[in-house]
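Colleague: Please show me the model, and then I will ask about its parts.

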Amino acid sequence: MNKSFLKFATDFGPLAIFFYYYYNNDKNLAVAIPPLIVATLIALVVVWFFEKKIPMMPLISGILITFFGGLTIYFNDPVFIYVKPTIINILFALALYFGKYFTNEPVLKKIMGKSIALTDMGWELLNKRWMYFFFGLAVLNECVWRTQTEEFWVNFKVWGMLPITLVFTGFQISLINKHKLDE
């Protein structure tokens, strides 16, 4: 099976299923979340079946979707699913901040060091930028879900946070080029 297609299908399939149920059931989170959880778990099983491993990020995301989605359904309160991105982004930021105390180098270097060769200063700066970015996304998510409608938040979560992340990533290119090691 084509790895690119598999990654695309397992990353975006559950999201497409969520949107299908959300918009075809009067924008009801309680109806859309169970299929999202099931689709996410199926996606993890498919990845494991073909790759014989599940990457850490999809695994953590799947666990959190199941946990917070389950709380949302059980308590019939959408606040749990609203805060999931906040908690995930805070956890990522804290991992980037505290990781250096456990690994003697930036966590981002541990994750991406084989893909990009940077100076130690480059890794430090990139790690700090991503840490602040994740904290910023957490604050932004809190502002949006607390001040906007549920439908706005649902759309912002997908069509707002993804482009914001892509733009931020693009702005890191100059730092990467400045601190890139010649191989």
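Colleague: In which loop is Lys52 found?

Modeller: This is a predicted model, in which local features need pLDDT of at least 70, side-chain atom pairs count only at pLDDT 80 or more, and totals for chains, interfaces and linings use all residues. Residues are numbered from 1 along each chain as its sequence is written, and side-chain values use heavy atoms, with hydrogens and water left out. Helices are DSSP runs of H or I with at least four residues, strands are E runs of at least two, and both are numbered from the N terminus. Lys52 lies in the loop between H2 and H3.

Colleague: What is the phi of Lys52, and is the residue buried or exposed?

Modeller: Most residues other than glycine have a negative phi. Lys52 has a positive phi, near 65 degrees. Buried means under 20% relative accessible area, exposed over 50%, and partly exposed in between, with a 1.4 Å probe and protein chains only. Lys52 has a relative accessibility of 55%, so it counts as exposed.

Colleague: Which loop holds Asp26, and what are its phi and its relative accessible area?

Modeller: Asp26 sits in the loop between helix H1 (3-23) and H2. Asp26 is not a glycine, yet its phi is positive, at about 55 degrees. Asp26 is exposed, and its relative accessible area is 77%.

Colleague: How many helices and strands does the protein chain have?

Modeller: Read along the sequence, the pattern of the protein chain is α-α-α-α-α-α-α-α-α-α. The count is ten helices and zero strands.

Colleague: What does the C-alpha trace span, and what percentage of the residues is buried?

Modeller: Along its principal axes, the C-alpha trace of the protein chain spans about 55 × 40 × 30 Å. The protein chain has 183 residues, and the buried share of them is 36%.

Colleague: How are H2 and H3 oriented towards each other?

Modeller: Axes are lines fitted to C-alpha atoms, for helices over the stretch in contact, and angles run from 0 to 180 degrees between N-to-C directions. The axes of helix H2 (residues 29-51) and helix H3 (residues 56-75) come within 9 Å and cross at roughly 155 degrees. Angles under 35 degrees count as roughly parallel, over 145 as roughly antiparallel, 65 to 115 as roughly perpendicular and the rest as oblique. The crossing angle therefore makes H2 and H3 roughly antiparallel.

Colleague: What hand has the crossing of H2 and H3, and which classes of residue make the contact?

Modeller: A crossing is left-handed if the near helix is turned anticlockwise from the far one by less than a right angle, and right-handed if clockwise; H2 passes H3 in a left-handed crossing. Contact means heavy atoms within 4.5 Å, and the residues that make it include Ile33, Pro34 and Leu36 of H2 and Pro58, Leu59 and Gly62 of H3. Ala, Val, Leu, Ile, Met, Phe, Trp, Tyr, Cys and Pro count as nonpolar, Asp, Glu, Lys and Arg as charged, and the others, Gly among them, as polar. By these classes, the contact of H2 with H3 has ten nonpolar, six polar and no charged residues.

Colleague: Is Ile37 buried or exposed, and which residues is it in contact with?

Modeller: Ile37 belongs to helix H2. Its relative accessible area is 11%, so Ile37 is buried. Leaving aside neighbours within four places in sequence, its contacts are Ile65, Thr66, Gly69, Gly70 and Ile73.

Colleague: How do H1 and H2 pack, and what hand has their crossing?

Modeller: The axes of H1 and H2 are 7 Å apart, at an angle of about 170 degrees. H1 and H2 are therefore roughly antiparallel. H1 passes H2 in a crossing that is right-handed.

Colleague: Which residues does Glu142 touch?

Modeller: Glu142 is in helix H7. With a relative accessible area of 17%, Glu142 is buried. Not counting residues up to four places away in sequence, Glu142 touches Val83 and Thr86.
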